Amino acid sequence: MSEQPLPTLPMWRVDHIEPSPEMLALRANGPIHRVRFPSGHEGWWVTGYEEAKAVLSDAAFRPAGMPPTTFTPDSVILGSPGWLVSHEGDEHVRLRTLVAPAFSSRRVKLLAQHVEAVAAQLFENLAAQRQPADLRRHLSFPLPAMVISALMGVLYEDHAFFARLSDEVMTHQHESGPRSTSRLAWDELRAYIRCKMRDKRQDPGDNLLTDLLAAVDHREATEEEAIGLAAGMLVAGHESTVAQIEFGLLAMFRHPQQRERLVGDPSLVDKAVEEILRMYPPGAGWDGIMRYPKTDVTIAGVHIPAESKVLVGLPATSFDPRHFDEPEIFDIGREEKPHLAFSYGPHSCIGGALARLELKAVFGSIFQRFPALRLAMAPEELKLRKEIITGGFEEFPVLW
Ligand code: HEM
């Protein structure tokens with residue numbers, strides 16, 4: 001009997017944002033699967049919700065930025081000093097504690113008004129454009145860039161510069177592809193941060209770069225670690241939120257009844273944002289986050305040898321019917337149950353509260369401000385940014 005070929009990742013979404021039928025079929029077959037990764041390597045893909053949580057909270061697994069020596073991950077940022085996903089255990093706790101105050105509920109609350117005001121201003125800028133206008137240029141891109149600039153203490157005017165570098169850093173460059181552009185961009189981004197951090201000696205203020213400079217002065221981090229932490233924030237804090245705004249809008253266009261429901265009852269915005277995150281998270285051909293077991297482990301009865309590649313399929317876990325009722329239905333009034341869009345365990349997204357704030361600022365009022373908001377082209381003509389890990393679109397032209 002000939003052996004079946006292994007299912008191959010990525011499993012591209014359909015209609016830009018919808019889960020692929022291949023992924024749904026495989027997920028229905030069980031919580032863990034042997035697959036082939038885009039790099040050609042074989043490994044496992046965890047698609048069950050509880051099984052994913054178990055892996056993400058198990059110290060037997062090293063995080064995405066600590067791959068076995070035989071394996072080069074697809075992003076240069078992984079493995080870089082100070083990038084949180086390239087540290088584990090006490091060292092990770094030490095570094096994460098340095099940036100945590102910037103994301104505390106106090107700082108995020110302080111930012112809430114600022115985020116609302118930025119969103120409102122961007123809505124007015126968009127309204128002043130000739131139609132059709134590119135919503136990416138006027139809203140989904142600048143909102144996260146302005147917020148992360150304020151949090152870091154860098155000038156928003158620098159955003160075009162750091163966003164270009166962040167794009168290059170986040171570009172898929174599997175082992176077969178050239179990685180030098182991505183590496184150069186990461187070095188350039190770090191040089192930019194080094195310079196901005198030094199400026200904070202003269203002009204400190206209440207921001208993350210100043211916190212990090214103090215940490216270096218108090219010998220709580222090396223300068224390289226502090227720079228890596230800050231550069232990582234620019235990358236992580238920007239791209240995923242841009243894509244999430246665009247995917248969320250496209251979801252609302254695809255589900256007009258849910259959109260009407262939100263307009264009729266704006267108090268649903270919190271739940272609507274959670275449902276967007278659950279069902280339409282960022283990522284184009286992005287099937288999850290990598291973990292590497294240090295010892296032999298067993299997941300859902302499957303034996304996995306040490307140093308294997310285990311991809312935790314965060315997007316797939318949203319369709320686990322053991323956790324979510326009727327998971328394939330987009331329901332903005334859904335009973336709230338935790339999802340894994342921001343991951344889980346020690347490496348769960350530190351910027352989750354901030355991202356939620358930005359998404360609420362958009363989805364809480366955009367359809368009131370632009371009641372007839374719609375795409376200016378057929379959705380299939382939108383160009384998905386397939387090269388970028390987080391996805392999103394080249395342009396998002398709208399009419400209103
Ligand atoms: C919708 C927007 C966002 C999504 C869906 C998202 C998703 C994620 C996910 C899935 C991880 C886990 C990565 C892993 O374990 O390998 C993560 C980690 C991280 N995210 Fe986010 N993120 C978003 C926005 C943000 C923002 C706004 C920031 C910062 C301003 C941020 C900063 C980070 C950092 C620093 C980590 C690494 C945490 C650690 O390893 O301790 N993210 N994010």
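By class, how many nonpolar, polar and charged residues does the lining of the second largest cavity have? The count is seven nonpolar, one polar and one charged, with Ala, Val, Leu, Ile, Met, Phe, Trp, Tyr, Cys and Pro taken as nonpolar, Asp, Glu, Lys and Arg as charged, and the others, Gly among them, as polar. This is a predicted model, so local features need pLDDT of at least 70 and side-chain atom pairs pLDDT 80 or more, while totals for chains, interfaces and linings use all residues. Residues are numbered from 1 along each chain as its sequence is written, and side-chain values use heavy atoms, leaving out hydrogens and water.

That second cavity holds about 30 Å³ of space, and its lining includes Trp286, Pro315 and Ser318. Helix H13 (269–279) and H14 each give two or more residues to this lining. The largest cavity comes to about 130 Å³; among its 16 lining residues, Arg13, Pro19, Met23, Asp287 and Pro315 lie nearest the centre.

On to threonine 47, which sits in the loop between strand S2 (42–46) and helix H2 (49–56). Threonine 47 is buried, at 0% relative accessible area (buried means under 20%, with a 1.4 Å probe and protein chains only). Its side chain makes a 2.9 Å polar contact with that of histidine 33, and a polar atom of the threonine 47 side chain lies 3.2 Å from the backbone oxygen of glycine 30.

As for the ligand, its iron atom has a single protein donor, Cys349 (SG), 2.3 Å away. Cysteine 349 belongs to the loop between helix H14 (314–317) and helix H15 (352–363).

Note on methods:
Donors = N, O, S within 2.8 Å, 3.2 Å for Na, K, Ca; no water. Helix = DSSP H or I, 4+ residues; strand = E, 2+ residues; numbered from the N terminus. Buried < 20%, exposed > 50% of the residue type's maximum accessible area, 1.4 Å probe, protein only. Polar contact = N/O pair within 3.5 Å; in protein donor to acceptor, adjacent residues only side chain to side chain. 1 Å grid on protein atoms, 1.4 Å probe; cavity = no way out; pocket = protein on both sides within 12 Å on 5 of 7 lines; lining within 4 Å. Points joined across faces, edges and corners; volume = space filled by probe spheres on them.
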